[in-house]
Amino acid sequence: QVQLVESGGGLVQPGEALRLSCTASGLSSGYGATAWFRQVPGKEREGVSCINPSDGSTVYAASVKGRFTISRDSAKKTVFLQMNSLKFEDTALYFCAADPELYCDGVVPPEGDFRYWGQGTQVTVSS
């Protein structure tokens, strides 16, 4: 059974940083593209960033480019999202998603393309 477990969310002030982690288990082959999405109640889930473990290439949404960095530790099957200079509008429930057959090719693939999801970790930016 494939499991993705997120951690690292919390309450921070504007301008501060957080690092989210997504640890995977249960898949003997590669995890393919791994992405971070976020969702605010009443709004659609937004693809924030994606990484291709096969070559390390990354993709960012315009809203986070230059502030967020996605990375991976293949040995630990963990993907990180370093979030700097956080803004009020970054407040959301953050999910990680993975699929062995996906490749992030310039954009974060649609959420419907990912087969495996975590339960989410809340990030709240508030003064």
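Strands are DSSP runs of E of at least two residues, and helices are runs of H or I of at least four residues, both numbered from the N terminus. Two strands pair if DSSP finds at least two bridges between them. The structure described here is a predicted model, in which local features need pLDDT of at least 70 and side-chain atom pairs count only at pLDDT 80 or more, while totals for chains, interfaces and linings use all residues. Residues are numbered from 1 along each chain as its sequence is written, and side-chain values use heavy atoms, with hydrogens and water left out.

Strands β7 (residues 68–73) and β8 (residues 78–83) run antiparallel and are joined by six bridges. Within this pairing, F68 stands opposite M83 of β8, and D73 has T78 as its bridge partner in β8. Strands of a sheet pair through backbone hydrogen bonds, in either a parallel or an antiparallel manner. An open sheet is formed by four strands in the order β1-β3-β8-β7, with antiparallel pairing. Its edge strands are β1 (3–7) and β7, each of which pairs on one side only. From one strand to the next, the twist averages 15 degrees, where axes are lines fitted to C-alpha atoms (for helices over the stretch in contact) and angles run from 0 to 180 degrees between N-to-C directions.

The hairpin of β7 and β8 has four residues between the strands. K77 lies in the loop between them and has a positive phi of about 50 degrees, although it is not a glycine. K77 is partly exposed, at a relative accessible area of 40%; buried means under 20% relative accessible area, exposed over 50%, and partly exposed in between (1.4 Å probe, protein chains only). S85, in the loop between β8 and β9 (92–99), is likewise not a glycine and has a positive phi of about 50 degrees. The relative accessibility of S85 is 41%, which counts as partly exposed.

Rings of Phe, Tyr and Trp (its six-membered ring) pair if their centres lie within 6.5 Å; planes under 30 degrees apart count as stacked, over 60 as edge-to-face and the rest as tilted. By this rule, there are four aromatic pairs. F37 and F114 form an edge-to-face pair, at 5.5 Å centre to centre and 80 degrees between the planes. F37 is in strand β4 (residues 33–39) and F114 is in the loop between β9 and β10 (116–117), 77 residues apart. F37 is buried at 2% relative accessible area, and F114 is buried at 5%. One aromatic cluster is formed by F37, F95, F114 and W117.
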